[in-house]
Amino acid sequence: MSTRAILTLNSGSSSLKLGLFSEDLDTLALGHVDRIGRREAAMKLSGPDGAPLPLPASAPDDFATNAAALHTALAAFQAAFPGLEVIAVGHRIVHGGIDHAAPEPLSEPLMKELAKLAPFAPLHQPHNLAGVRAAVDTFPGTPQVACYDTAFHRGHPFVSDTFALPRRYYEKGVRRYGFHGLSYDFINGELTRTEPDLHKGRMIVAHLGSGASMCAIENGQSVTSTMGFSALEGLPMGTRPGELDPGILLYMMDQEGMSASEISTLLYKESGLLGMSGISNDMRTLEGSSDPKAKEAIDYFCFRIKRQIGAMAAAMGGLDGIVFTGGIGENSARVRSQACEGLGFLGVAIDVGANAENAREIGSGAVRVLVIPTNEEIVIARAAKAVLDL
C-alpha cells in the first residue's frame, strides 16, 4: 500500500529539518539531522506522537553533505512507510527579496533569481537552494514549492522597512526584511484559531532559539521586527551578536586589519551567547553553569528582549499579549521570567508556578503571556498543498 505524502525541507548550513505530511496535512513523521559534515553528525526521526522512529544503520559519509543527509533521511522515511510517494516538496527559503511574498512553484529561472539574493543571506540562502537542487534530483518532475521566511513582514510601513541611508540603497533592496516569518505565520494562525479576540489586538511574538528575533503583530499584521537586512540584527543569538554599532566594523577593518571574510566568521559563528560567555551557544548549558560569564550572557540576552518589548509596545501604542516560542522561548522559564521582570508598568506579570511548568498561559497581569510551540514545517506543508491544489 502506497503512502502519498508532502515532504517539507529546511536546509541549513549544518542542519536539515524534514517533515512528512499526509494529503490531509496530518503529521506522519519529522526528522532532524544536526552537525552535517562533522564526525558527530546525528539524525533523529519521530512519528506524529513524538515517539522515535527506528534509524537504519548509517556510515559517516551518509551525513557528509546536505544532499547525502537528505538521501539518508529519506531512506529512513521509506523504511518506515513502504511505498512512500512524495507528491510535492515544500522548501523554506530564507530570503524572498522585494518581489516574493507568497509561496510559489520553483523553476529554473526562479532559482537563478533567488541565488542573486545570496549576498543578503550568505549563510542561509545558498544552503536552502542546495536543498532544492538535491530534492529536484531525488524527485524529478515532482512539484517543488518555495516558502519565504521574509514574506510575513513584507507589508511593513516605510518607517519599519527602511534605513536612514541614501534613497538609492532602498531602491536596490537594502531594507529591513525581517525573518522567522514561517514561525510567526504559524503563531498568527494559532492565535486566529484559539484566541480570536487576542489576535485582533497588539501582540509581541518572541521567537527565541539559536536564532532569535521578535515581531510586533497588530490585528494579524506584522508591524515591525527586530531582524532587518540580515539575520544578524536585533537580539543576541547563539553565535550572532544582534544589534551592533557599525562603527565597530570600521574599527575592526581599520585598526585590526580584518577582512570581510574574517568579520563574517566573527559575526555569524563566534559572537552572541558563545562569544560573551566563552562557554557555549546553548542556553541549557549556560543555565546549568556556575561561571559568572554564563550569567552575564543570559542577563544581556534577557535585557535585550525586555528592551524590545518596550520598543514594540511603543510602536503599536500599547500591548495586549506576548507569545514566547522557539526552543528557548518554549523551554526556558528563567529567560521568560527575567525578560518580563520589571514590566508591570505595561501590565506584564508572570505567574511563577505556571511559568515553571511551561504552561500555555503564564501571565498574571492585564497583558496575556502565552507559551506556544511553533511549527514551521506545517506552514510549509500547507503552502505546498495550496500550490499543488491550484
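Colleague: Which residues have the most contacts inside the largest nonpolar core, and which element gives the most to this core?

Modeller: In this predicted model, the largest nonpolar core has 55 residues, and those with the most contacts inside it are Leu208, Phe301, Ile305, Leu319 and Ile322. Ile305, for instance, touches Leu208, Met214, Leu235, Val335 and Ala339, leaving aside residues up to four places away in sequence. The element that gives the most to this core, with 10 residues, is α12.

Colleague: Is Ala294 buried or exposed?

Modeller: Ala294 is found in helix α12, which spans residues 292-316, and it touches Ser277, Ile279, Leu286 and Ser289, not counting residues up to four places away in sequence. Buried means a relative accessible area under 20%, and because the relative accessibility of Ala294 is 0%, Ala294 counts as buried.

Colleague: Across which strands does α12 lie, and at about what angle does it run to β9?

Modeller: The strands in question belong to an open sheet of five, in the order β10-β9-β8-β11-β12, with mixed pairing. The edge strands, each pairing on one side only, are β10 (221-225) and β12 (368-371), and the twist averages 25° from one strand to the next. Helix α12 lies across β8, β9, β10 and β11, and its angle to β9 is about 20°.

Colleague: How many bridges join β8 to β9, and which residue in β9 stands opposite Val205?

Modeller: Strands of a sheet pair through backbone hydrogen bonds, either parallel or antiparallel. Strand β8 (residues 202-208) and strand β9 (residues 212-218) run antiparallel, and the bridges that join them number seven. The residue in β9 that stands opposite Val205 is Cys215.

Colleague: What is the angle between the planes of Phe120 and Phe229?

Modeller: A search of the whole structure finds four aromatic pairs, and Phe120 and Phe229 form one that is tilted, with 4.9 Å centre to centre. This pair links distant parts of the chain, 109 residues apart, with Phe120 in the loop between α2 and α3 and Phe229 in the loop between β10 and α8. The angle between their planes is 50°.

Colleague: Which of these two rings is buried and which is partly exposed, and which residues form the aromatic cluster with them?

Modeller: Buried means under 20% relative accessible area, so Phe120, at 16%, is buried. Phe229, at 24% relative accessibility, counts as partly exposed. The one aromatic cluster is formed by Phe120, Phe229 and Tyr177.

Colleague: Over which ring does the charged end of Arg175 sit, and how far from its centre?

Modeller: Lys172 lies over the face of Tyr169, at 5.5 Å from the ring centre. The charged end of Arg175 sits over the ring of Tyr170, and its distance from the centre of that ring is 3.8 Å.

Conventions
Residues are numbered from 1 along each chain as its sequence is written. This is a predicted model: local features need pLDDT of at least 70, side-chain atom pairs count only at pLDDT 80 or more; totals for chains, interfaces and linings use all residues. Side-chain values use heavy atoms; hydrogens and water are left out. Helices (H or I, at least four residues) and strands (E, at least two) are DSSP runs, numbered from the N terminus. Buried means under 20% relative accessible area, exposed over 50%, partly exposed in between (1.4 Å probe, protein chains only). Contact means heavy atoms within 4.5 Å. A nonpolar core is a set of buried Ala, Val, Leu, Ile, Met, Phe, Trp, Tyr and Cys residues joined through side-chain atoms within 4.5 Å. Two strands pair if DSSP finds at least two bridges between them. Axes are lines fitted to C-alpha atoms, for helices over the stretch in contact, and angles run from 0 to 180 degrees between N-to-C directions. Rings of Phe, Tyr and Trp (its six-membered ring) pair if their centres lie within 6.5 Å; planes under 30 degrees apart count as stacked, over 60 as edge-to-face and the rest as tilted. A charge sits over a ring if NZ of Lys or CZ of Arg is within 6 Å of the ring centre and within 35 degrees of the ring normal.
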